[in-house]
Amino acid sequence: MYANMTGSAHPLAPPEIAVKAIPEDERVWVPQAEGVWFRPLMLNTLVGQWCNLLRVRRSGVLSRHLHPNPVHGYVIKGRWHYREHDWVAETGSYVFEPPGEIHTLLVPEDVEEMITFFNITGSMVYLDEDNAHIGYEDVFTKIDMCRAHYQRVGLGADYVDQLIR
Ligand SMILES: [Fe+2]
């Protein structure tokens, strides 16, 4: 039988995170590119993983990328698709992206705003049209972006600490 029957976390386990995913304070959204923001939810430095909301308020190609690990997504608002696939992810869709896949994220012109929850392990490797590497992100670059942004907007660099494990 499992020893911890009290329902509380194991003493060695880090505390839970329970936050309003779509924040009331606009400053919590971290700018990623023109018309693109992310809202960090959980930044896991032990596994090299992060959960966030991606918010896009522009259309067209967002990124072409590869991830060597799986990605899980859930569309909260709007619609998007990958140029390489026939399916469309729309409000309420769940998406599993297998390791090693290269795809190009597109937001259609008639979508004013899309918000998608992503659970990403490892890294995002950004590619140009010839599949040359042009950049990458991992949980540490995400944390750095959050710190710099929260410092700039007056929340303080340590605002992100509540989301780091
Ligand atoms: Fe992807």
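## Packing around the helix

The buried residues of helix 1 pack against strand 1 (30-33), strand 2 (36-44), strand 3 (49-56) and strand 12 (133-138), where contact requires C-beta atoms, placed from the backbone, within 7 Å. These buried residues are Val139, Lys142, Cys146, His149 and Tyr150, a residue being buried if 20 or more other C-beta atoms lie within 10 Å of its own. They cover an arc of only 95° around the axis, which puts them on the same side of helix 1; the arc is that of the directions from the helix axis to the C-beta atoms.

Just after helix 1, glycine 154 takes a positive phi of about 95°.

## Basis of the model

This is a predicted model, in which local features need pLDDT of at least 70 and side-chain atom pairs count only at pLDDT 80 or more, while totals for chains, interfaces and linings use all residues. Residues are numbered from 1 along each chain as its sequence is written.

## The chain as a whole

The chain has one helix and twelve strands, with helices (H or I, at least four residues) and strands (E, at least two) taken as DSSP runs and numbered from the N terminus. Buried residues make up 19% of the 165 residues in the chain, and its C-alpha atoms fill a box of roughly 50 × 45 × 30 Å, taken along the principal axes.

## The annotated domain

UniProt, in an unreviewed entry, places the feature "domain: ChrR-like cupin" at residues 25-118; such annotations may be inferred rather than shown by experiment. That span is 0% helix and 61% strand, and the end C-alpha atoms of residues 25-118 lie 21 Å apart.

Notes. Buried ≥ 20, exposed ≤ 12 C-beta atoms within 10 Å, placed from the backbone. Contact = placed C-beta atoms within 7 Å.
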